[in-house]
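Here is a set of questions and answers on how structural terms are applied. Each answer sets a value against a definition.

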Amino acid sequence: MALAESILFVGKAVATVKDPPDAMKREHLKLLVALQHRQQPLDRVVQQLRKTTADWLFSTVLVKQHGLPRYFASFRNMFLLGYGALACNFIDACTQWRQRASLASKSVSTAEKIFRHQEFNALLAKASVGTEAEDALDGYGVKIVDHASGVLFSDLLLVDVPCILRYELQWPIDLFLSQSVIHQYSKLWSYLIGLKHVQVCLCESFLRTSQHAIWRLRSHMLYWVNALWSHVQANVIDVHYQNLMDTVSGTNAARDFEQLQMAHADYLQHVTRGCLLLSAECVQCIQQILRACLDFCQFVKQINETWRGAKRRKVEKTAAEIVREWTRGLEQKTAMATATDQVDTMEKDFIAMTSRFFDLLTHASPDIKASGNLDMLLMQLDYNKYYSGDRSMRVLLP
């Protein structure tokens, strides 16, 4: 497989450039003659061809406006949500779209998919206005995917319309990166934009009545999501991104093209591991927790809508209406008691899920802990020994 990829790389590079320098032509011809006379094995010749071609590309083509640091910075800001204002604006735009869109039908025609694709890309462009990303969207686009696409967390932003962020590889960066790398970036974007969406929903979930159990659960959920978000951005992405940029800007970077490819692959691997996406158990646990948070936000929204509807009712009362209102008051108290029971169940489930998540991180292998700086996340989540202390003392106060 590596040999085939090397042959494809050399062929693509030569076909794209069309007129490589004479020195490189002579070097390639010499290697091919040696191969023809069986003076060197095929794999060694292909490897030398790849190295000379790659070194020339890096020193001649991938420079200035096409330099690797520019692309890496763009991917960090777009896929890994370095453009915070763009991410928040896009989340708000998607929320408004979902409120006005009709999603009753589960089956979507091809024409409707194309229209939605164009609509979401228009939302992305609109969300960038007035932000750092306003002139940085070239090559990027939102793509609607199927529920069975296998892209984790792609349905957290818009539950009924899973979507991902894509980048169209253009010359000359397509000589350095492959579509599989962009797909890995897209997976990270789905995870991060979903996590950010949950954070925004919890921040905007305000209850207009005084229900301590609901406020307590909201605070607990928001603290957990904030801890995970700040950890992923500050302790994982920023740390490994800085390491990558130090490697790219190093004194020997221009002389070893393949070393940079390996450094970028390691960077993506470290970020993915640090985001806890390489563990199936952690992924499942995070998905359950984030969905529980979204269910809670929807629950609070329904309570607010019920409260607003009751407030709009007529104030003038007859004797019969007074009796009906008194009866309705009992029904509302019963409904509120039912809601309180639901919140208690949600809280117990949330504590159980986050406790399991804490246990998974506590027993993670040392290399995973080091790569993701998990000790810092564990320390933040375990504030006041909430998870590591005596769990029998974890009593839900009224």
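This is a predicted model: local features need pLDDT of at least 70, side-chain atom pairs count only at pLDDT 80 or more; totals for chains, interfaces and linings use all residues.

Q: How many helices and strands are in the protein chain, and what makes a run count as one?
A: The protein chain has 13 helices and two strands. Helices are DSSP runs of H or I with at least four residues, strands are DSSP runs of E with at least two, and both are numbered from the N terminus.

Q: Why is Phe75 called buried?
A: Buried means under 20% relative accessible area, exposed means over 50%, and partly exposed lies in between (1.4 Å probe, protein chains only). Phe75 has 0% relative accessibility, so Phe75 counts as buried. Tyr185 also has a relative accessible area of 0%, and is therefore buried. In the protein chain of 398 residues, 43% count as buried.

Q: Why is the pair of Phe75 and Tyr185 called tilted?
A: Rings of Phe, Tyr and Trp (its six-membered ring) pair if their centres lie within 6.5 Å; planes under 30 degrees apart count as stacked, over 60 as edge-to-face and the rest as tilted. The ring centres of Phe75 and Tyr185 are 5.1 Å apart and the planes are at 50°, so the pair is tilted. Phe75 is in helix α4 (residues 68-78) and Tyr185 is in helix α7, 110 residues apart, which links distant parts of the chain. Ring pairs also join Phe75, Phe79, Tyr140, Tyr167 and Tyr185 into a cluster. By the ring rule, the count is 14 aromatic pairs.

Q: What makes the pair of Phe358 and Tyr387 stacked?
A: The planes of this aromatic pair have 20° between them, and the distance is 5.2 Å centre to centre. The limit for stacked is under 30 degrees. Phe358 lies in helix α11 (residues 319-362), and Tyr387 in the segment after α13 (374-381), 29 residues apart. Phe358 has 7% relative accessibility and therefore counts as buried. Tyr387, at 3%, counts as buried.

Q: How do you know that the charge of Arg70 sits over the ring of Tyr71?
A: A charge sits over a ring if NZ of Lys or CZ of Arg is within 6 Å of the ring centre and within 35 degrees of the ring normal. The charged end of Arg70 is 4.9 Å from the centre of the Tyr71 ring and sits over that ring. Arg218 lies over the face of Phe206, at 5.0 Å from the ring centre.

Q: At what angle do helix α7 and helix α8 pack, and which way do they cross?
A: Helix α7 (residues 179-203) and helix α8 (residues 212-248) pack at about 145°, with axes 10 Å apart. Axes are lines fitted to C-alpha atoms, for helices over the stretch in contact, and angles run from 0 to 180 degrees between N-to-C directions. The crossing of α7 past α8 is left-handed. A crossing is left-handed if the near helix is turned anticlockwise from the far one by less than a right angle, and right-handed if clockwise.

Q: Why is Val239 called partly exposed, while Asn235 is called buried?
A: Val239 has a relative accessible area of 34%, so Val239 is partly exposed. Asn235 is at 14% relative accessibility and therefore counts as buried. Val239 lies in helix α8, and the place of Asn235 is in helix α8.

Q: What does Val239 touch, not counting residues up to four places away in sequence?
A: Val239 touches Ala234 and Asn373, where contact means heavy atoms within 4.5 Å.

Q: Why is Leu278 called partly exposed?
A: Leu278 has a relative accessible area of 47%, so Leu278 is partly exposed. Leu278 is found in the loop between α9 (257-274) and α10 (280-311). Leu276 lies in the loop between α9 and α10, and at 5% relative accessibility Leu276 counts as buried.

Key: Residues are numbered from 1 along each chain as its sequence is written. Side-chain values use heavy atoms; hydrogens and water are left out.
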